[in-house]
There are 2 protein chains.
Amino acid sequence: MKRIFSTLALLFLAVTVAPPIARSQTPSPPLVSPEVHPDNSVTFHFRAPNAKEVAVQIEGSAKPVPMQKGDQGVWSITTDPLTPDYYGYSFVADGVGLLDPSNYRVKPNFLYRANEVHLPGPALSWEISDVPHGEIHHHFYKSAVVGDHRDFFVYTPPGYDPRSKQTYPVLYLLHGYSDDASGWTAVGRANVILDNLIAQSKAKPMLVVMPLGYGEPKVLEPHSGVFHDPAITQRNFDKFREALLTEVIPKVEAAYLVKKDRNSRAIAGLSMGGSESLLTGLNTLEQFSWIGAFSSGGFNPEFDKEFPALDAKINQQLHLLWIACGTDDQLIENNRNLRAWLASKSVKHADIETPGAHTWMVWRRNLTEFAALLFR
Amino acid sequence: MKRIFSTLALLFLAVTVAPPIARSQTPSPPLVSPEVHPDNSVTFHFRAPNAKEVAVQIEGSAKPVPMQKGDQGVWSITTDPLTPDYYGYSFVADGVGLLDPSNYRVKPNFLYRANEVHLPGPALSWEISDVPHGEIHHHFYKSAVVGDHRDFFVYTPPGYDPRSKQTYPVLYLLHGYSDDASGWTAVGRANVILDNLIAQSKAKPMLVVMPLGYGEPKVLEPHSGVFHDPAITQRNFDKFREALLTEVIPKVEAAYLVKKDRNSRAIAGLSMGGSESLLTGLNTLEQFSWIGAFSSGGFNPEFDKEFPALDAKINQQLHLLWIACGTDDQLIENNRNLRAWLASKSVKHADIETPGAHTWMVWRRNLTEFAALLFR
């Protein structure tokens, strides 16, 4: 038996030596980073023997926190105790943002690189628990509207049976600028949140559809200065809306057991996706009657042009218009302005201000609260 | 209109400034890396102003290639023209393996950090093309066998309709050591390969089930020296097999329209997953009749103990035993020894030697060839 295992060990050694990094790292002992301590403080470690300055930037902190250089070129810092959550972070070494090579948790994102550290908290909605789990379905198609190959994700709740006759309402849930279509599940834990809410009877069983949120992929090009190009910005919103209404929704409604009336369709999103939810939802009331915008912005001061038909009549049609923003978010003023304008039009809406900045910690809580209100 | 767009620009600016890295990167212009040139050479760039030595390690190359320092602390190198494919790579700066902060393509992996560069080639099986696409379903469950929360993925072919009566054969496809359950889709492009093969009538429509391949998660702990711990190694194989046979297969067969006889079940995998395919498949012939091992190893020289019942009688039962390895793979000798032992037992099998090392470039080609042979 011993010989089997020593050849197995050789196999594993061969395998572990084969990947690129392992081969070059042999001289230095591997680091464990991040380390979460019992008091919920976190120690980060990063080896950079010749760097002059290293810091860690943690999601929700205003500024990078300097790290101290110790033995063997390893920089370290321990935080104060943190509230249990998932936090994005990255290192900044001599001005260059870098991922933590000791951490396999990497946030999917087209533009920004960040790892994630998990501080578990037992009763939190985004913690995996011993409840029935839904499934996530990944769909691929060629978009005639945008002209690219793209994808969307569909969460089906526990017990969803395509061979049954039961039908479900649908939440269309939109990611933010720079995210990909997996953002709401991979980072937002939308599937875990829905699993937990449904198990506790805090949310109705529903499908959650998470499309790719770009109508004009050029909006992602870092060198084109497109954020200042009004044509590309407008096209991004317009083509997104068209792709959602004429491609994604018909595909979902053909493939899944869903209710197809406006009372059973919600649309919500974060940041750019919040703007898309307002632009699409409030201008397509024949399709949606539940609308949520988390940390959205960018409409002030010409709301009259973006929502030309909006007035108090909408109160008869809309079940929920839920507008949330963190008070430390740079977009809080935009949100206050939007809500004041809605009030001036006598449009009913929920004014939600929460602690927090422009972060996933805010948006996971937003989804938890918003999903519980839907389809009642 | 101008004012709308300038506030939208502010929104985007606010959003782009919010993520951790962007805030600290403002002084340096963003890099574009990697750059793929028309002749299929690739230029890599990495900013590391105080590093003394920077290299790039490219999947399939024996050694890291040194990079040269240019303006503003940016290190660069241009490769020779490469064969179209997806290549993993990482940087090594002063002995530390690092991800490319300019590239959003990061390979999911529990132990090794690598980015990916894509050199498109029009007729390649793993290139997305204008053919009908299947779907990928992500399942979550608590394993009673292993005791953890875990996941598996299921590819359903184009046209799969859960409300029909048509049933399909199933390939159980296993990842390698250090991969997670998404490895075969995210890196191996198994769904794209199957889409293309099916569209060209080169493979039968089938489901592909991709479970998490660890029976003992401790096998992943970097500090425990478990590769030399025979008990943990053996437990990893045994509990994987038990979880597959008693948890994953029953769940798949309850949820999907699949054929449930051994003639309609295949098992294959790469590296550790190849070993698992042999250990499970050859010892559970009542369940599987198609077996593939890509770059597997670790059984020499005590094959008699691992496969005690194996003899020429198996030739009546087994439709395919397909054993492949790249000639530059460190495991090629193990594979040759295994094949010689099978020949000594008069067990029919396919001897496949291909160019290449222990890389995904080999395994994508292995899957393309192997899937075409199944269920005929």
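# A viewer tour, beginning at a serine

Select A:S295 to start: it sits in the loop of chain A that runs between β15 (290-294) and α7 (303-306). Element names here are DSSP runs numbered from the N terminus, with helices being H or I over at least four residues and strands being E over at least two. This is a predicted model, where local features need pLDDT of at least 70, side-chain atom pairs count only at pLDDT 80 or more, and totals for chains, interfaces and linings use all residues. Residues are numbered from 1 along each chain as its sequence is written, while chains are lettered from A and ligands numbered from 1 in the order in which they are written.

Stay on A:S295 and check its backbone: phi is positive, about 55 degrees, although the residue is not a glycine. Most residues other than glycine have a negative phi, and most peptide bonds are trans. Is A:S295 buried or exposed? A:S295 counts as buried because it has 34 C-beta neighbours inside 10 Å; the cut-offs are 20 or more other C-beta atoms within 10 Å for buried, 12 or fewer for exposed, and partly exposed in between, with C-beta atoms placed from the backbone.

Now hop to B:S295, in the loop between β15 (290-294) and α7 of chain B. Its phi is also positive at about 55 degrees, and B:S295 counts as buried with 34 C-beta neighbours inside 10 Å.

Next, pick A:S33 and A:P34. The peptide bond between them is cis, with omega near -5 degrees, and A:P34 is in the loop between α2 (20-25) and β1 of chain A. Over in chain B, B:S33 and B:P34 are joined by a cis peptide bond with omega of about -10 degrees.

β1(A) is held to antiparallel β2 (residues 42-47) of chain A by two bridges. Which residue of β2(A) is the bridge partner of A:E35? Select A:T43 to see it.

For the complex, the predictor gives an ipTM of 0.93 and a pTM of 0.93.

Now for B:V209. Together with A:V209, it has the most contacts inside the largest nonpolar core, a set of 192 residues. Such a core joins buried Ala, Val, Leu, Ile, Met, Phe, Trp, Tyr and Cys residues through C-beta atoms within 7 Å. Leaving out residues up to four places away in sequence, B:V209 touches several residues, including B:F152, B:Y172 and B:V252; contact means C-beta atoms, placed from the backbone, within 7 Å.

Last stop: helix α9 (residues 332-344) of chain B. Its buried residues are B:N334, B:N335, B:L338 and B:L342. They lie on the same side of α9(B) because they cover an arc of only 100 degrees around the axis, taken from the directions from the helix axis to the C-beta atoms. These buried residues pack against α7 (303-306) and β16 (320-326) of chain B. Just after the helix, B:S346 takes a positive phi of about 60 degrees.

How values were computed: Two strands pair if DSSP finds at least two bridges between them. Two residues are in contact if their C-beta atoms, placed from the backbone, lie within 7 Å.
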